[in-house]
Amino acid sequence: MKTLQAGDMAPQFTLKDQTEQPVSLEALRGKKVLVYFYPKALTPGCTTQACGLRDAKNELEKLGVVILGISPDSPKKLAQFTAKKDLNFRLLADEDHQVAAQFGVWGEKKFMGKTYDGIHRISFLIDEQGKIQQVFDKFKTGEHHQVVLDYLRSL
């Protein structure tokens, strides 16, 4: 697994969101985009992370950032996640994990003695020109939104 780094161009993608509408990174050119990868909707860590971003959305928008969450879940599961947790941003379905692989966040994981392939919890801040500006890979799920805000405020 070779994760993309700051300075790399972000791979272009189009995925369906929780309402089955296609969302493309290219359509967001000219805006900063936080693309955050998470393993599974409605699990404790992923819920904590999503709710932190939900609560910080207004502040992130003031800083010019659009939030996109990506997981291997189906649009139907993402719709349930959005409704149950009152999420206010788009979640994208990467069911065949091709986009995760392009960003270098799909790979071997270990949990409770088992080894399997899955999404690594890594986020990418993509600048207005489509280049990765910052990679966030060391954070606790409950602090993710604050790490991103602190970085943006330091610019």
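**Note on the cavity and the sheet**

1. The largest cavity is lined by Q12, L25, L28, R29, G30, K31, V33, I126, D127, E128 and G130, where a cavity is a set of points on a 1 Å grid over the protein atoms alone at which a 1.4 Å probe fits but cannot get out, and lining residues have an atom within 4 Å of a point. The model is predicted, so that local features need pLDDT of at least 70 and side-chain atom pairs pLDDT 80 or more, while totals for chains, interfaces and linings use all residues. Residues are numbered from 1 along each chain as its sequence is written, and side-chain values use heavy atoms, leaving out hydrogens and water.

2. The volume of this largest cavity is about 50 Å³, and a search of the whole structure finds one cavity of 30 Å³ or more; a volume is the space filled by probe spheres set on the points. Its lining divides into four nonpolar, three polar and four charged residues, with Gly counted as polar.

3. Seven strands form an open sheet in the order β2-β1-β5-β4-β3-β8-β9, with mixed pairing; strands are DSSP runs of E of at least two residues, and two of them pair if DSSP finds at least two bridges between them. Because β2 (22-24) and β9 (132-136) stand at the edges with a single partner strand each, one side of each is left without a neighbour in the sheet.

4. Strand β8 (residues 123-126) pairs with β9 in the antiparallel sense over four bridges, and V135 in β9 is the bridge partner of F124.

Technical notes
On a 1 Å grid over the protein atoms alone, a cavity is a set of points where a 1.4 Å probe fits but cannot get out, and a pocket is an open set with protein on both sides within 12 Å along at least five of seven lines; lining residues have an atom within 4 Å of a point.
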